[in-house]
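Here are my notes on this one, point by point. Have the viewer open while you read.

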Amino acid sequence: MTRIIRLQDIEEEVLKHHPEADTSLIKKAYVFSAKVHEGQMRLSGEPYLSHPLEVAYLLARMGLGPVTVSCGLLHDTVEDTDTTLDELDEYFGEEVTDIVNGITRIGQLSFGDKTTQQAEYIRKMVLAMAHDIRVLLVKLADRVHNMRTLGYMNPEQQKRTAQETMDIYAPLAGRLGMFRLKAELEDLAFYYLEPEAYQQIQESLLRKKGEREKYIREVCDLLRQKLAEHGLQGEVSGRRKHFYSIFRKLQTQQITLDELYDLLAFRIILNTVGECYEALGIIHHHFRPVPGRLKDYIGLPKTNLYQSIHTTVIGPEGSRMEVQIRTHEMHHLAEEGIAAHWSYKEKCPFKKEDAQRFAWLRQMVDLQKELRTPEELLEGMRLELYPEEVYVFTPQGEVKELPRGATPLDFAYAIHSEVGNTCTGAKVNGRLVPLRHELQTGDTVEIITSPHQHPNRDWLQFVKTSKARTKIKQWLKAAEREQSIALGKELLERELRKSGASLQKMLKEGEDLKKACQEFSLLRPDDLFEAVGHGKLSAGQVVGRILRGRVPAPEEETPPVEPPSRPEKDQGPIRIKDLDGILIRLANCCQPIPGDPIIGYITRGKGVSIHRTDCPHLSRTESFRQIPAEWDGQQHKLYPVRVRLITVDKPGLLADITSALKMAEVNVTRASVETTADQRGIADFTIQVSDQQHLDRVFAAIKRLKDVISIRRVTA
């Protein structure tokens, strides 16, 4: 039977951590919460008050003081009862009201799709915790109890809540250094998300429980003995790793549970930092260390306050075992993280010195300001929440924390956006490396810059940090805007010249362009030029609005229409509704020819590219940029087409194919032939045809050759 938490339990837990604390605020919050939640029931059948009592008790166990614990008792009062913020302010003051208000705001979501709601949820949470971290501490305690009682929800709600816990709450607990809480949240979510895998691990561990516990006792005794021989007295304990941690190891290493060696972890807690390093030497003297598995988080603490030495050694019976060595203070911080750090400064909101310890939180706040779409925000937040850090140095010895797999480009953007944007290369430990080189802990990185270097889209394929990804996208977007503006000006200039007008003159006068901007609901002329360059507006459409109502200039004063300033590459007889005069080019990937069903795609700053409707690349483009297009009229022009022939490997066959192509009046611009192990020939040709009918005649001529197995068009 589940133990019911009482007010007395909460007070005792608070006084255990804060002997001088005044618990009258907690009593007052309890009475208020009991009154407003009276008559409300949870799905479990328990009175609703049981939930705020559990949340408050969890906060008290974290070592938090009367204000935060009281907020745990009151956290649902505004959202789930008729209580107002003004009432809370009157009874409990501004500090409690602000925290409860922050918690309430997080839960208030506007309508939208699932991605938008999740992004908005994270955005609100980040802003609330940046204002006062206690908002998140209460939300975490609230989520722990909700996960413990999730079995009373329907299966769909269970999955949704468990996934949200795994995606958001568990990583946030880890980022705050609250690893005990993180492990519980992960295991509870894992139980609902992967029930079969959870059960398999549980049953496998139960079968060997007695054997494992005996091994833990023996190793703990052995470690105590070795430490005592060198005059060290400390707490030694052992445990198996939690379920989700085991599951991830099995997934990443592609092994079974029987093959998992480092299933156990042992912990040594000592009094001083010096004793920790002395204990490390003793452990490595008596047990063979596993190369590459030593991590010193005492010398280089994690940004979430975590400090400990981790080493993996070969223990008794040849089994790998992880040993963590830390002081008592480090252990308290490792278990409770920011909550332990907060426990002695209850009355202080999130101050600047605390924010310096949590640079990632500042980055998340900056991210939510810069990233506009829900997809970008979620991607950026996930990068910040799943760091698995490496620590690298600037040439001056400053430490930079980056996620595992980070590159010199990530390092450059971590220094400054302009350093990243102009990065041309990097030296790691004095040696030149590629920009996609993966950094390792301890590397010293020197960035080489040039004012002529700019970001390119390929960088997005290998950068790991959300800051680098965001800044690269911002630069590319600005560059594309400039290209679109330039193209839009060119298209408008061409169209205006047909009517004897001049864009330069209009730019000087300003009035005509201003009116055009107003008609199309745009703010400034550059926005108008960009819309034309992007293909959102046609040049003819804009010029028609500008010249509407004007008296035409006399015929003799109309300047001659000049030829285009640059040739319109690959332009065929194509008509696109409402987009006269825009740059049109045939896509090289599918090489459309007259007679093919086609569709236009409005590119960023490069006019419209024409694709065959069955082009596989279209499925990876933005559908709203696709526009109808059709062939219009005849044009005496040849178009390139790639074709592939599969043939029987036979001497003289290539000569037969080229002869057939010549008879079909086709020019071959490229040819390559290779044979396969099964005596087949693969011949790739690029030929020139006038239209689909011409290509059909070519295919018919080739198919008449008895040793040709198949012929088809090829898409790049």
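1. Start with K28: its charged end sits over the ring of F92, 5.6 Å from the centre. The rule here is NZ of Lys or CZ of Arg within 6 Å of the ring centre and within 35 degrees of the ring normal. Before you go further, bear in mind that this is a predicted model, where local features need pLDDT of at least 70, side-chain atom pairs count only at pLDDT 80 or more, and totals for chains, interfaces and linings use all residues. Residues are numbered from 1 along each chain as its sequence is written, and side-chain values use heavy atoms, with hydrogens and water left out.

2. Next, the aromatics. Rings of Phe, Tyr and Trp (its six-membered ring) pair if their centres lie within 6.5 Å; planes under 30 degrees apart count as stacked, over 60 as edge-to-face and the rest as tilted. By this rule the count comes to eleven aromatic pairs. Y91 and F92 make one that is tilted, because their planes are at 45°, with the ring centres 6.4 Å apart. F92 is buried at 10% relative accessible area, while Y91 is partly exposed at 41% (buried is under 20%, exposed over 50%, partly exposed in between, with a 1.4 Å probe and protein chains only).

3. Y198 and F243 are also a tilted pair, 4.8 Å centre to centre and 50° between the planes. Y198 is in helix 12 (residues 195-207) and F243 in helix 14 (residues 243-253), so this pair ties together parts 45 residues apart in sequence. Both Y198 and F243 are buried. Helices here are DSSP runs of H or I, at least four residues, and strands are runs of E, at least two, numbered from the N terminus.

4. Look around that pair as well: ring pairs link F190, Y191, Y192, Y198, F243, Y244 and F247 into a cluster.

5. Now the hairpin. Strand 7 (residues 389-393) pairs antiparallel with strand 8 (residues 399-403) over five bridges; DSSP must find at least two bridges for strands to pair. E389 has P403 in strand 8 as its bridge partner. Five residues lie between the strands, and G397 takes a positive phi near 95°.

6. Last, T422, in the loop between helix 22 (417-421) and strand 9 (423-428). T422 counts as buried because its relative accessibility is 13%. Its side chain reaches the backbone oxygen of E418 at 2.8 Å. Leaving aside neighbours within four places in sequence, T422 is in contact (heavy atoms within 4.5 Å) with I448, T449, S450 and Q453.

Definitions and conventions. Polar contact = N/O pair within 3.5 Å; in protein donor to acceptor, adjacent residues only side chain to side chain.
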